[in-house]
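Welcome! Have a look at the sequence and the 3D model below, and then let us walk through them together.

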Amino acid sequence: MKTPDEWLRDFETRVADARERSVRLQEGLAQADGAASSADGAIAVRVSPNGALQDIRLGQACAGRSPERLAAEIMAVARQAQRAAAAKVVEAFEAVGEGGSDTLRVITDYLPPPEGDDDTTTPPPSPLDDDGDFSDDSILRRGRR
């Protein structure tokens with residue numbers, strides 16, 4: 001049986017260890033941002049450790065792209081950046097011995113799917129008869145009610 005002094009020393013040791021792991025985790029998470037760019041370099045995205053957008057840069061090559069294609073490419077690059085940040089978050093947790101923790105599992109459950117699993121890199125084609133006004137009426141029938 002431990003004496004009160006031994007129990008107190010053990011408790012203080014565990015608290016000091018937890019504090020040190022917490023500091024190391026905070027430092028690791030502070031450096032866990034993610035960045036990615038498109039293959040042609042026209043789109044660059046940077047995200048924070050939690051995946052929030054920090055910066056989006058669009059080059060001149062984006063000017064000729066359709067809005068749908070540009071949006072899909074931005075989202076694909078953002079997902080790459082989020083996965084990069086998530087990998088750094090996992091590394092930070094593993095560095096302090098929390099690689100299998102419930103907290104980390106909650107974080108990783110909300111990650112974008114691995115590259116290749118998402119089918120949003122190519123936007124769907126626009127219907128040929130879509131006049132872009134969000135109504136089902138023909139442009140020739142407007143005003144005739």
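## Two helices side by side

Helix α1 (residues 4–30) packs against helix α2 (residues 67–95) at an angle of about 165°, and their axes are 9 Å apart. Helices here are DSSP runs of H or I with at least four residues, strands are runs of E with at least two, and both are numbered from the N terminus. The axes are lines fitted to C-alpha atoms, for helices over the stretch in contact, and the angles run from 0 to 180 degrees between N-to-C directions. α1 and α2 are therefore roughly antiparallel to each other. For that wording, angles under 35 degrees count as roughly parallel, over 145 as roughly antiparallel, 65 to 115 as roughly perpendicular and the rest as oblique.

Which residues make the contact? On α1 they are Arg-24, Leu-25, Gly-28 and Leu-29, and on α2 they are Val-89, Ala-92, Phe-93 and Ala-95. Contact means heavy atoms within 4.5 Å. Sorted by type, the residues of the contact of α1 with α2 are six nonpolar, one polar and one charged. In this sorting, Ala, Val, Leu, Ile, Met, Phe, Trp, Tyr, Cys and Pro count as nonpolar, Asp, Glu, Lys and Arg as charged, and the others, Gly among them, as polar.

## How to read this model

This is a predicted model, in which local features need pLDDT of at least 70 and side-chain atom pairs count only at pLDDT 80 or more, while totals for chains, interfaces and linings use all residues. Residues are numbered from 1 along each chain as its sequence is written, and side-chain values use heavy atoms, with hydrogens and water left out.

## The whole chain

The protein chain has three helices and three strands, and along the sequence they follow the pattern α-β-β-β-α-α. Of its 145 residues, 23% count as buried. Buried means under 20% relative accessible area, exposed means over 50%, and partly exposed is in between (1.4 Å probe, protein chains only). Among contacts between residues at least 6 apart in sequence, 50% join residues at least 24 apart.

Just after α2, Gly-97 takes a positive phi of about 80°.

Over in helix α1 you will find Ala-18, which is partly exposed with a relative accessible area of 39%. Ala-18 and Val-96 are 78 residues apart along the chain, and their C-alpha atoms are separated by 9.5 Å.

Ala-36 sits in strand β1 (residues 34–37). Is Ala-36 buried or exposed? At 15% relative accessibility, Ala-36 counts as buried. Beyond its neighbours within four places in sequence, Ala-36 is in contact with residues including Ile-43, Val-45, Val-77 and Gln-80.

The loop between β2 (43–47) and β3 (53–58) holds Ser-48, and Asn-50 lies in the loop between β2 and β3 too. Ser-48 is buried, with a relative accessible area of 12%, whereas Asn-50 is exposed at 66%. Not counting residues up to four places away in sequence, Ser-48 touches Ala-32, Asp-33, Gln-54 and Ala-85. Asn-50 and Gln-82 are 32 residues apart in sequence, with 7.9 Å between their C-alpha atoms.
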